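Dear colleague,

I am passing on the structure that we talked about, and below it you will find my notes on what turned up when I went through it. Please read them with the structure open beside you.

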Amino acid sequence: MTQQHGTRLSTGKRRVIAGGLGAAALIVTSLTSGLTLPTAEAATWPSANGSEAVGATKPISGSVDGGMKRYYGTGDLGSGGQNEDQDPIFKLADGATLKNVIIGAPAADGIHCSGSCTLQNVWWEDVGEDAATFRGTGKTFTVNGGGARKAADKIFQFNGGGTLNISNFAGQDFKTFVRSCGNCSSQYKRTINVTNTEITAPGGVIGGINTNYGDSLTLRGITIVGDSSKKIVPCQKYIGNNTGAEPTKNGSDADGTYCKYSASDLTYR
C-alpha cells in the first residue's frame with residue numbers, strides 16, 4: 001500500500017449514485033440532472049466509456065470526473081495478485097474528489113486517499129489487494145455511490161484516523177467489506193458509518209473494528225442479498241495492536257457502543 005505518482009485524469013460527464021436502498025435494489029440517480037439510471041443490484045454494473053491502461057499511479061487533486069472510463073493496471077500495476085504494499089491506480093491528495101470512474105482488472109491496490117477524500121460513483125469490477133485505503137489522522141472520508149466485487153480480502157481498508165462514511169454502495173463477493181486496521185504501526189480511533197448499502201453474498205464480515213482503540217461501526221439501511229442462513233457477520237470486534245501481529249477477535253454482538261445497529265437495520269432477501 002505504498003504511495004506513488006502519475007498523471008491526471010480528463011474531465012467528463014458527471015454521474016453519481018444517490019438516494020436510498022430499499023428491499024428491492026440500489027437506485028442509481030444523477031444528482032446533476034435527476035435522471036434515474038439502471039439499478040446496481042446483483043450483477044448489473046455500469047458499462048465503461050472507453051478503457052485506459054495505467055502503468056504508474058495517477059495523482060488526483062481537486063475534483064476530477066472520469067466520465068465513466070475504465071482504468072486498469074499494466075506493467076508494475078498489472079500483477080493482479082494479493083501481495084501487500086502494491087501501488088494504487090489512483091492516489092488522492094488531501095481534500096480530493098474522484099468521481100465516475102470504473103477500475104477494471106488488474107486493479108493493483110485500487111485507490112489511496114492521503115487525507116480527507118470523496119469517492120463518488122466509483123466502481124471496482126474485480127478488486128485487487130484492496131479497493132480503497134484511507135490514511136491521515138483526524139480526517140473525514142466519504143464514499144457515495146458505486147460498487148466493488150470479487151475482493152479476495154478487503155474492499156475498504158481504514159488505516160488512518162477519523163470518520164469513514166459509506167453510503168449508496170454495492171458490495172459483492174468479499175471477505176471483509178470494511179476493516180479498521182487491526183495491526184498498523186500507528187493506531188487511531190476510527191468511526192465507520194455504512195448506510196443505504198447492498199451487500200451480496202458470498203461475504204464474510206461487513207465491518208471489522210478494534211474495541212481497544214475506541215472504534216465504532218454504525219449500520220443503517222443495509223440490504224443483504226443471498227445470505228438466508230445469515231452467515232455474513234455484520235460487525236466483528238477485535239483487539240487491535242501496533243506490532244503487526246494478527247489481532248484477536250473480541251465478539252460480534254451489537255452493543256450500542258462499538259457495534260451500532262439493530263435487527264431493523266438489516267434486511268435479508
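G145 counts as buried because its relative accessibility is 0%, where buried means under 20% relative accessible area, exposed means over 50% and partly exposed lies in between, all with a 1.4 Å probe and protein chains only. This glycine, G145, lies in strand β11, which covers residues 139-158; strands here are DSSP runs of E with at least two residues, helices are runs of H or I with at least four residues, and both are numbered from the N terminus. Although G145 and N121 are 24 residues apart in sequence, their C-alpha atoms are 4.5 Å apart in space.

Before going further, please keep in mind that this is a predicted model, in which local features need pLDDT of at least 70 and side-chain atom pairs count only at pLDDT 80 or more, while totals for chains, interfaces and linings use all residues. Residues are numbered from 1 along each chain as its sequence is written, and side-chain values use heavy atoms, with hydrogens and water left out.

Turning to the cysteines, a search of the whole structure finds 3 disulfides, a disulfide being a pair of cysteine sulfur atoms within 2.5 Å. With bonded cysteines counted along the chain, the pattern of these links is 1-2, 3-4, 5-6.

One of them joins C113 to C117, with an S to S distance of 2.1 Å. The torsion about this S-S bond of C113 and C117 is about 90 degrees, so the disulfide is right-handed. C113 counts as buried because its relative accessibility is 1%, and C117 is buried too, with a relative accessible area of 3%.

Another disulfide is formed by C181 and C184, whose sulfur atoms are 2.1 Å apart. The link of C181 and C184 is right-handed, with 105 degrees about the S-S bond, and both of these cysteines, C181 and C184, are buried.

There is also a disulfide that joins C235 to C259, with an S to S distance of 2.0 Å, and the link of C235 and C259 is left-handed, with -70 degrees about the S-S bond. This pair links distant parts of the chain, since C235 sits in strand β17 (residues 233-239) and C259 in strand β19 (residues 259-260), 24 residues apart. C235 is buried, and C259 is buried as well.
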